[in-house]
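Here's a quick walk through this model, heading by heading. Have a look at the fold before reading on.

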Amino acid sequence: MFARALLFCAALAAAAVTIAFPATTSQEKAKSEAYSLCWPGALRSFQLTLPMSPREREILRQAPVWPPQPVPDGHGPALKRYLEEHCPQPAEPRDESRVGLALGILGVGGFVLYWLSPYRQILFRRLLRLRPGSGYRPDLADAVLRLAGDAGVTVHGVWLNADDYTKNAVAFGHWRRRHIELASGMEKLFDEDRGTFEVVVRHELGHIRHRDLDLTHGITALWGAFLVLLAVVFCFAVFGDAGEGAYLLRLSFHLALLACLLYAARNAFLQSRELHADAFAVRGGPTGTGRGDERRRRLDTFFVDLAAGRGGSGLPFATHPALQRRRAVLRHPDLAGELGVWDAALTGCVALLAVNLLLGDSFNIMLSGLRLGFLELKTLRPVYTWLALPLLLPAGAVLGTGIRHTVAAWGGARGGRDLVGRLALLALGLFVGLCAGCALHPSQTFGDRSVQLRSTWWSPVTDALGLGLALTAALTVLALALFALACVAVCGPRVASWWAGAYGVLVTAAWFPTALPGVGVPYVRTVVVGVALLSGVVLPFLRGRPGQPPVPVLLIPEESVTRTEAPAVRGPRLLLAHAVTAATTVGAAAAVARLLVKTPETPLALVAALGLVCYVAVLVGAAAAPHDAEFRRRVRYAVVCLAVGAGACFLLITGSRLLGLMPGVLLCVAAAGVAVAGRISAAAVYAVRHHRAAATASRVPAPQPHEPGERTRRTAGRHR
């Protein structure tokens, strides 16, 4: 949790530093251009005022043209005074001040927004203060404060939102000033079902107990300050006040992509904290005695009713996890901290995109350090790889702790294939994220990109970027999984998480060996490889030890699979739809390959390529959907991705003088046909999958009686 927050803050700080260097004012640019135009003529005039040297007299006798020789060293001060008198002064480098200003806006703005967040929530939502012993419904305030005392936390205020009629509660506040907001529906829940009311409030108290409330509001405040900074810089470039306006516009686009990724990473963090709060609510109390089957049953029923009323999708961009995952965490708390495929991809993509952005300006950063006296002239080089460490180290901690929870959740008595398959998916997700991080910003502002690639650990093995990133993802997940299995077998959960996070830091530090001191590189590599090999050797002797994690609860969809999404077309039309979808998939693969080796010429070209790739990826997810509602939902998202990509391509075509409007209209018609063909193909695959699942389920024995309060699990093909 804290490692994710640290990675988020490091990425925002790197983006703020990256913004500062090209953001020179137009006045500074004008002064620099005026000085560069005046300097040659002034130098020539100064040379003519100097007495001729013997060498110059000899040249003048042999040729009618006299080329002045370089100014002797003794005339340096005089030349400086002459240039100051006859030329406008060049602009002083202000890179350090702009970096300080950007970081100041980010830090100070984030702090102000964080400190004002509870007062803004109270004002905008028009919350009513509930006081114990007096006023409106003092019994609600008494109950919340009593539960807070049992949980070992301090609550400074209980508030009622009269405009919200749902049965829900929210924790908010800042450091040492935490509050609980109750929706008006909680009054009825308190009167009718006191046990469910208590477990819902315990969930919100879990956010305060785990300190994730402070992290959430802090990250949200930094996010708001970063958006303000990005908007200011974008307007600065659009209105022509930037010295490097064209590059700044392109950089703003890449920073907007980074902002989207950080938004998704923030929501992934929010989902994780909800799962930990669920586990705390079930456990109850600060000591965590007992599992609390009654609390689990009540919270389980509350989640089912809440999901039915909201109709939440639980997609990765949502702030709350899906119902199936929340119910699984209630039965198996280790699933709360597991690293998902989406989390691994986001971690790799955010880290590597921010690293590329920062290393692109590393030469400027070194020049600033040289002017401030922090660096020496001999340390200057095209890429300063130590700048990658503040971003890679939190990413390593996230991967290490997440894989530790994954091993604990999936490595029980049924470990084997389930665990191997899960780790393979994590390696694939990390590889995709690393590739996306390189593809979104593959070029550098200063220096040669090959210099950066040669600074990675796999450069002596292969020069291929894709193969190197694949090796990085696979070996990283393998090493962390081996060490996590050994830690789970011999250490407690908290100690194992700390050790796994520390080892993850070492593994990611080994990605860029040139960022480390030369004498420390062999030691870091020896520790990383030695710990992984030792864990693999001793692991067979530790598998039989007591304390192995229980079997994880498999996620079972709560909606029946009715197979109503079977395609209505057959024969040649279905084959044509499959052919169009296959051609689109090949085009998406070609777009990914092109992004890995060549930078898009314009931001719209990158949006068009990513729209096509996301369309194919979401369409594959629709074919693998667990039920009809999820299938239809994912198809809609796929169409949105295709529409965004087609819109960007339409703007590219219509903006060209050689093509015009008609090809753009034809492109939109073709995109509509691709969307229709893709839905038919996905529906066909979806129907075949669930037809086989229904045939398998018909041979399964009748289910055993379930626990009181548990819903009957529906099998594939069973109607409501």
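## Ground rules

A residue is called buried when its relative accessible area is under 20%, exposed when it is over 50%, and partly exposed in between (1.4 Å probe, protein chains only). The model is predicted, so to speak of local features takes pLDDT of at least 70 and side-chain atom pairs count only at pLDDT 80 or more, while totals for chains, interfaces and linings use all residues. Numbering runs from 1 along each chain as its sequence is written, and side-chain values use heavy atoms, leaving out hydrogens and water.

## The overall picture

The protein has 24 helices and four strands; these are DSSP runs numbered from the N terminus (helices are H or I, at least four residues; strands are E, at least two). Of its 720 residues, 47% count as buried.

Now for contacts, meaning heavy atoms within 4.5 Å. Among those between residues at least 6 apart in sequence, 75% join residues at least 24 apart.

## An aromatic pair

Rings of Phe, Tyr and Trp (its six-membered ring) pair if their centres lie within 6.5 Å; planes under 30 degrees apart are stacked, over 60 edge-to-face, and the rest tilted. The whole structure holds five such pairs. One of them is the tilted pair of Phe 483 and Tyr 503, at 4.7 Å centre to centre with 35° between the planes. Phe 483 belongs to helix 18 (residues 465–490) and Tyr 503 to helix 19 (residues 493–509), so the pair ties together parts 20 residues apart in sequence. Phe 483 is buried at 13% relative accessible area, and Tyr 503 is buried too, at 3%.

## Salt bridges

Side chains of opposite charge can pair when their charged atoms come close. Here a salt bridge is a side-chain nitrogen of Lys or Arg within 4 Å of a carboxyl oxygen of Asp or Glu, and a search of the whole structure turns up 15. Among them is Arg 4 with Asp 343, whose closest N and O atoms are 3.6 Å apart. That pair links helix 1 (residues 2–20) to helix 13 (residues 341–360), across 339 residues. Arg 4 and Asp 343 are both buried.

Arg 146 and Asp 150 also meet in a salt bridge (3.9 Å, N to O). They're four residues apart in helix 6, so about one helical turn separates them. Arg 146 is partly exposed at 41%, as is Asp 150 at 37%. Elsewhere, Asp 212, Arg 273, Glu 274, Asp 278 and Arg 326 are linked in a salt-bridge network.
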